[in-house]
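Let's take a walk through this structure together, one region at a time. Please have the sequence and the 3D view open as you read.

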Amino acid sequence: MKAALLHGPSDIRVMDIDPPEPEPDEVIVRVVRYAPYGTDLGAYKNEGGKYIKDYPTGIGADFSGVVEKTGSAVLGFDIGDRVSALAMAHCGQCRNCRAGKTNICLDDSFLNAGRQVCCQTHTRVMARKLAKLPEGVSFEDAAMLGGIVDALNAFEMMKPQVGETIAVVGVGAMGWGAVGTAKAAGLRVIAVGGTGKRSKLARAVGADHLVPITSHGEEVSAAVLALAPDGVDCVMETSASDWGVAQCFSIVTPGGRIALTGAPAPLPITPWQLVHKEVAIFGVRAGHHQDLALKVIADGKIDLKPSITHRLALEDAPEAFRLLTGPESQDVGRVIIEVTDP
Ligand SMILES: [Zn+2]
């Protein structure tokens with residue numbers, strides 16, 4: 001089988017490897033479509049060795065495909081099923097898993113068990129991470145679940161109300177997914193960020209207003225507040241940058257809610273400032289609403305395909321990652337790797 005393997009930072013090569021065999025609770029999925037996500041770009045660059053310790057290794061988390069083999073203990077999935085998968089492993093037994101919150105599984109040995117890999121023709125997946133694709137959901141749709149699943153998790157905590165204004169800070173794979181999810185939830189959506197075509201792609205997936213930036217790190221809170229003079233009700237930060245977090249606290253309304261997905265620096269707010277503004281802050285560690293995300297797509301409420309700008313074959317995986325991380329990335333939307341034919 002073919003696999004795109006990382007051999008070092010920004011060094012990805014497509015090669016032949018032995019096909020995987022499933023453990024009793026696993027299935028082998030033939031990967032049909034894979035859409036690189038922000039986390040994958042972090043793993044690809046692996047700055048400071050933060051993501052990957054041992055090379056060579058596979059890459060990729062968000063994919064769709066067809067079940068080709070099932071382990072001896074797998075129930076509920078059969079050969080030929082069209083499926084997607086959650087990015088993170090989970091135990092399925094703990095209190096949080098039983099409540100459906102598999103992304104905060106209490107058993108660290110699962111969450112830290114190693115990354116999903118899918119930029120390859122076949123991959124091993126724990127059956128409990130899978131969902132079957134409903135009628136009307138394409139392999140391409142299902143390879144872009146990440147941003148929707150993350151946003152649904154954030155919304156469960158922020159509880160945005162129909163008609164409220166949300167700012168999605170950062171326009172990338174997660175940002176476009178969050179914009180589409182916010183629009184489907186009946187919110188007024190301001191997409192903040194993007195230096196090139198990326199900002200305009202936010203409009204294509206549902207943003208009502210765009211606040212692009214001309215260079216990274218540009219302060220744009222005044223432009224956002226011109227659109228929401230009382231401040232923004234909900235803010236979802238998707239760039240995992242100190243810039244993005246700073247924008248959140250500058251634009252949120254008193255009594256508003258902020259969902260964060262990462263950033264290195266301490267929060268730019270003191271406890272007293274938080275108290276005076278009565279702002280609620282939520283940490284969002286990926287998500288778990290896989291079936292709901294698929295249903296929302298099947299119902300026609302979210303379509304992220306307008307954010308796709310490139311479709312490449314598995315052999316061109318090095319080019320895909322070069323596009324997504326190189327100087328022209330400001331004009332690159334979602335990239336779909338067509339791993340095998342449906
Ligand atoms: Zn668990």
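Is Cys 97 buried or exposed? Please keep in mind that you are looking at a predicted model. Cys 97 has a relative accessible area of 8%, and because buried means under 20%, Cys 97 counts as buried. The same cut-off applies to Cys 94, which is buried at 12% relative accessibility.

Both cysteines belong to the zinc site. The zinc ion takes its protein donors from the SG atoms of Cys 91, Cys 94, Cys 97 and Cys 105, at 2.3 to 2.4 Å. If you follow these donor residues along the sequence, you will find the spacing C-x2-C-x2-C-x7-C. The angles among the 4 donor atoms run from 102 to 117°, and the site is tetrahedral.

From the metal, let's turn to some strands. Strand β4, residues 63–70, pairs with strand β3, residues 26–34, in the antiparallel sense, and 7 bridges join them.

The loop between α1 (38–45) and β4 holds Pro 56.

Ser 10 sits in the loop between β1 (2–8) and β2 (11–16). Although Ser 10 is not a glycine, its phi is positive, at about 55°. Its relative accessible area is 41%, so Ser 10 is partly exposed. Glu 278, in the loop between α10 (271–277) and β13 (280–283), is likewise not a glycine and has a positive phi, of about 50°. With 63% relative accessibility, Glu 278 counts as exposed.

Next comes the empty space in the model. Rolling a probe the size of a water molecule over the atoms shows where such space is left. The second largest pocket has a volume of about 200 Å³. Its lining is made up of Leu 152, Phe 155, Glu 156, Pro 160, Val 162, Thr 181, Ala 184, Ala 185, Val 296 and Lys 301. The elements that each give two or more residues to this lining are α5 (145–158) and α6 (173–184), and α5 has the largest share, with 3 residues. Sorted by class, the lining of this pocket has 7 nonpolar, 1 polar and 2 charged residues.

How many cavities of 30 Å³ or more are there? The count comes to 1. The largest cavity holds about 30 Å³ of space, and you can find it by selecting Asp 141, Met 144, Ile 148, Ile 297, Ile 302, Asp 303 and Leu 304, which line it. This lining divides into 5 nonpolar and 2 charged residues, with no polar ones.

Our last stop is helix α8, residues 221–227, where Ala 223 has its place. Ala 223 is partly exposed, at 38% relative accessibility. Between the C-alpha atoms of Ala 223 and Val 192 the separation is 9.4 Å, while along the chain these residues are 31 residues apart.

Technical notes: Residues numbered from 1 in each chain as written. Predicted model: local features only at pLDDT ≥ 70, side-chain atom pairs only at ≥ 80, totals over all residues. Heavy atoms only, no water. Donors = N, O, S within 2.8 Å, 3.2 Å for Na, K, Ca; no water. Tetrahedral: all angles 85-135°; square planar, octahedral: opposite > 155°, others 65-115°. Buried < 20%, exposed > 50% of the residue type's maximum accessible area, 1.4 Å probe, protein only. Pairing = 2+ DSSP bridges. Helix = DSSP H or I, 4+ residues; strand = E, 2+ residues; numbered from the N terminus. 1 Å grid on protein atoms, 1.4 Å probe; cavity = no way out; pocket = protein on both sides within 12 Å on 5 of 7 lines; lining within 4 Å. Points joined across faces, edges and corners; volume = space filled by probe spheres on them. Nonpolar A, V, L, I, M, F, W, Y, C, P; charged D, E, K, R; others polar.
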